Amino acid sequence: MVRFVWSEDCLRHEPESEVWVGVRTPATELPARALAIREALLTAGAEEVTAVAHDDSALLAVHEPALVEFLRTAWDEWSAASLPSDQVVPYVFARPELTSGRPPVTPTAVWARPGLFAYDTMTLIGPGTWEAARAAVDVALTAADLVAEGAPLAYACTRPPGHHVTRSLYGGSCYLNNTAIAAAALLDRTGGPVAVVDIDAHHGNGTQELFLGRTDVLTASVHVDPGAGWFPHFLGFQTENDTANLNLPLAPGTGDAEWLAAVRRAADFAAPARALIVALGVDAAAGDPESPLEITADGYREAGRILGGARLPTVVVQEGGYDLETIGELVVESLRGLSAA
Ligand SMILES: [Zn+2]
């Protein structure tokens with residue numbers, strides 16, 4: 001079976017809660033997710049590769065230095081300020097209309113600073129968040145290296161996930177866009193074009209916006225319709241489609257047949273590329289608490305087979321998936337499909 005890249009540091013981010021509609025709710029993006037995936041992969045006979053440290057060049061090809069520096073220092077500054085919250089959480093947001101488009105001033109108050117970079121209140125920063133997010137980048141880049149060096153397929157067990165992060169804003173339980181960073185690295189190594197197919201239950205808004213208007217990175221996303229009330233709410237619609245971006249929003253309750261037809265369209269869209277990045281969220285599964293899609297483990301294996309049918313060198317980057325009982329099996333089935341194609 002496939003080689004998978006792992007880093008213990010991805011376990012260091014431990015958000016016990018998030019702030020949703022003004023109240024603390026239990027977090028679902030937990031270290032146990034990665035451990036469950038790893039156990040299932042090892043049981044299935046996959047070969048573990050330890051992540052190799054990479055410098056910041058690929059990271060800074062995708063993200064604003066100011067976002068990276070904020071994430072690197074946010075917890076230390078917050079904890080030194082003796083604030084009442086044990087996690088970094090924004091309370092005021094630097095919307096561009098607030099300053100008529102002028103760049104906002106960096107606030108003196110530590111507690112106002114998250115509002116420069118966060119776009120929601122549910123993506124909290126605590127001790128270990130930076131270390132885990134940065135480790136996930138190394139995991140994604142190590143998988144990209146394996147593929148650039150000739151492996152047909154490599155899986156990056158990234159956590160926290162990344163596909164909701166834009167060039168300068170974090171949110172959606174994501175801090176650094178591992179998928180986009182892997183895409184940038186493969187673009188660099190292969191000359192491109194490269195394609196990202198995102199099959200997480202939620203629109204890959206960060207990845208879409210990062211590569212907007214470019215023709216060397218094709219982006220496709222199959223996800224629950226944000227118009228039906230689902231994150232990321234403000235985008236993920238077909239009106240955003242162009243020659244390099246394909247959104248395929250699906251109604252709540254969609255099952256395997258219609259979802260796989262959309263995955264097939266996304267795979268066809270990606271076919272002209274020279275390398276493929278699959279943003280593998282398994283939260284579209286029927287048992288997942290975070291989405292209303294109804295995909296089976298067989299459906300995920302078939303999605304893998306469809307995407308593998310493109311016969312492109314492929315890096316699979318882990319995104320969402322929150323049912324601890326099934327997350328490992330869903331990832332293994334997806335990779336089985338990709339390997340068998
Ligand atoms: Zn998701």
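Visitor: Let's start with α1: what covers the buried residues of α1?

Guide: The cover includes β1 (3-6), β5 (153-156), β10 (314-318) and α9 (327-340). Here contact means heavy atoms within 4.5 Å, and buried means under 20% relative accessible area, exposed over 50%, partly exposed in between (1.4 Å probe, protein chains only). Helices (H or I, at least four residues) and strands (E, at least two) are DSSP runs, numbered from the N terminus.

Visitor: And what sort of model am I looking at?

Guide: This is a predicted model, where local features need pLDDT of at least 70, side-chain atom pairs count only at pLDDT 80 or more, and totals for chains, interfaces and linings use all residues. Residues are numbered from 1 along each chain as its sequence is written, and side-chain values use heavy atoms, with hydrogens and water left out.

Visitor: Which residues of α1 are buried?

Guide: P31, R33, A34, A36, I37, A40 and L41.

Visitor: How do I check the length of a helix?

Guide: Take 1.5 Å times one less than its number of residues; that's the expected span. For α1 (residues 31-43), 13 residues give an expected 18 Å, and the distance from first to last C-alpha is 19 Å, which is close.

Visitor: Where does α3 bend?

Guide: At T73, by about 50°. The bend at a residue is the angle between axes fitted to the seven residues ending there and the seven starting there.

Visitor: Which residues of α3 are buried, and what covers them?

Guide: The buried ones are L67, V68, F70, L71, A74 and W78. Their cover includes α2 (57-62) and α4 (129-148).

Visitor: What is the phi of S82, and is S82 buried or exposed?

Guide: S82 has a positive phi of about 50°, although it is not a glycine. You'll find S82 after α3, in the loop between α3 and α4. With a relative accessible area of 64%, S82 is exposed. H233 is another non-glycine residue with a positive phi, near 60°. H233 lies in the loop between β7 and β8 and is partly exposed at 41%.

Visitor: Where are the cis peptide bonds joining G192 to P193 and F231 to P232, going by omega?

Guide: Omega is about 0° for G192 and P193, and about 10° for F231 and P232. P193 is in the loop between α5 (178-190) and β6, while P232 is in the loop between β7 (217-224) and β8 (245-250).

Visitor: Now the metal: which protein atoms are donors of the zinc ion?

Guide: Donors are N, O and S atoms within 2.8 Å of the metal (3.2 Å for Na, K and Ca); water is not among the atoms, so sites may look incomplete. In this model they are D200 (OD), H202 (ND1) and D283 (OD), at 2.0 to 2.2 Å from the zinc ion. Along the chain, their spacing reads D-x1-H-x80-D. H202 is in the loop between β6 (194-198) and α6 (205-210), and D283 is in the loop between β9 (275-280) and α8 (297-308), so the pair ties together parts that are 81 residues apart in sequence.

Visitor: Are H202 and D283 buried or exposed?

Guide: H202 counts as buried at 9% relative accessibility, and D283 counts as buried at 0%.
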